[in-house]
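Please take a moment to look over the sequence and the model below before reading on.

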Amino acid sequence: MRAITLAPHLTELMYAAGAGSRIVATVTSSDFPPSARLIPRIGNGLSVNIEQVLALKPDVVLAWQPSGAAQTLAPTLAALHIPLIYMAPRQLQDIPADILKLGELFGTQTNARPQAAALSRRLAALATKYGGRRLVSTFIEVGTAPLYTIGRDPLINDALRLCGGINIYAHTALAAPQISVENVLVKQPDVIITAASRPSSQAQRLAYWSRLRLPAALKHHVYAIDPDELFRPGPRLIAASEKLCRELDWAR
């Protein structure tokens, strides 16, 4: 079985299922685990080289959403009877479930089953530890200029739910809406989660919100989580959820 992955989280799921060696091509943003950086590239999540895809003779193509590169490839793949499989986890438990599905698809159940079971145990441990604790209102800061947040994103909101958090923008129509600073100040979240991988970025955002006298910042309840871990719906989101739970509990 030769596979092409059209999103970085699919590459991570394949490796977790013990099928990373079956990937013959992926997209430019697939950079984890480190060995994935050696996989040939056929484009990005928006566009791909169809001729290059066909030359690689894939048995299956894995996609996230029926748009962008997947939409471009779909007619050609259908004509050649090459399956196009979508994997878009909507809750955390879908992540180990998808690992099991990939294990069955590629015959790597021996690797996939213990990996999926371990992730499920970690999720169960979070539910046991943080279930029933006082709810913490949370603002997730995605972009800063302009200001973006996470809105109606079922997976991220499921992670917050597991940790006893409430996304103050969960009921917006968009998954990632642009918002105003003034609106955040009015809502006064208990915690700010900023998408950043460097401690300096966290310090900058803490200083920014402190200057605006946001109570959460004045209490130092501004925390950073690596965006690749938090926003990619793959195995590392479980680790990001564990960190998120700890941070909400510190604020609590």
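**A walk through the model**

Ala216 counts as buried because its relative accessibility is 2%, where buried means under 20% relative accessible area, exposed means over 50% and partly exposed lies in between, computed with a 1.4 Å probe on protein chains only. This is a predicted model, in which local features need pLDDT of at least 70 and side-chain atom pairs count only at pLDDT 80 or more, while totals for chains, interfaces and linings use all residues. Residues are numbered from 1 along each chain as its sequence is written, and side-chain values use heavy atoms, with hydrogens and water left out.

Ala216 sits in helix 9, which covers residues 215–218; helices (H or I, at least four residues) and strands (E, at least two) are DSSP runs numbered from the N terminus. If residues up to four places away in sequence are not counted, Ala216 touches Pro189, Asp190, Val191, His221 and Val222, contact being defined as heavy atoms within 4.5 Å. Ser21, by comparison, is 195 residues from Ala216 in sequence and 45 Å from it in space, C-alpha to C-alpha.

Turn now to strand 3 (residues 60–63), from which Val60 and Leu62 point one way and Val61 and Ala63 the other way, although all of these are buried. Strand 3 pairs in the parallel sense with strand 1 (residues 3–5) over 3 bridges, and two strands are said to pair if DSSP finds at least two bridges between them. In this pairing, Thr5 stands opposite Leu62. Strand 3 also runs parallel to strand 4 (residues 84–86), joined to it by 3 bridges, and there Ala63 stands opposite Tyr86.

Which side of helix 5 holds its buried residues, and what do they pack against? Helix 5 (residues 109–130) has 22 residues, and from its first C-alpha to its last it reaches 31 Å, close to the 32 Å expected at 1.5 Å a residue, the expected span being 1.5 Å times one less than the number of residues. Ala112, Ala116, Leu119, Leu123, Leu126 and Tyr130 are buried in helix 5. They lie on the same side of the helix because they cover an arc of only 80° around the axis, the arc being that of the directions from the helix axis to the C-beta atoms. An α-helix has 3.6 residues a turn, so residues three or four places apart point the same way. The buried residues of helix 5 pack against helix 1 (8–16), helix 4 (94–106), helix 6 (154–163) and helix 11 (236–251), whereas on the other side Thr110, Arg113, Arg121 and Thr128 are exposed.
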